[in-house]
Amino acid sequence: MITVKKFYAEWCGPCKVLTPIMEQVRTKFGQVTFENVDIDSQYQIAQQYHVRSVPTVIVEKDGVEVNRLVGVQSEMAYSNTINENL
């Protein structure tokens, strides 16, 4: 099972740029679980994953982190990362 966790903050400009990109990626992967983690209201989860900057996207396979992308990447970068782990 693949889970994609997007760590973001409401005040983060690049996070706002990432949102529509991730929505496009989500439409391509119906079998993948996507989660949004607000680092301000869910700071314990952000600490657990050692997130130091936003946006950060973490891809997990069967509960184990297999990839981490920091900053805004292209839609293709996220799609390729997910495909590599399916």
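Val4 has Phe34 in strand 2 as its bridge partner. Six bridges join strand 1 (2-8) to strand 2 (33-38) in parallel orientation, where strands (E, at least two residues) and helices (H or I, at least four residues) are DSSP runs numbered from the N terminus, and two strands count as paired if DSSP finds at least two bridges between them. The model is predicted; local features require pLDDT of at least 70 and side-chain atom pairs count only at pLDDT 80 or more, while totals for chains, interfaces and linings use all residues. Residues are numbered from 1 along each chain as its sequence is written, and side-chain values use heavy atoms, with hydrogens and water left out.

The four strands form an open sheet of mixed pairing in the order 2-1-3-4. Strand 2 and strand 4 (64-70) are the edge strands; each has a single partner strand, so one side of each lacks a neighbour in the sheet. From one strand to the next, the twist averages 20°. Strand 3 (residues 56-61) and strand 4 run antiparallel and are joined by six bridges, with Val57 opposite Leu69 of strand 4.

Helix 1 (residues 13-28) lies across strands 1, 2 and 3, at about 165° to strand 1. Helix 3 (residues 75-85) lies across strands 1, 2, 3 and 4, at about 165° to strand 4. Contact means heavy atoms within 4.5 Å; axes are lines fitted to C-alpha atoms, for helices over the stretch in contact, and angles run from 0 to 180 degrees between N-to-C directions.
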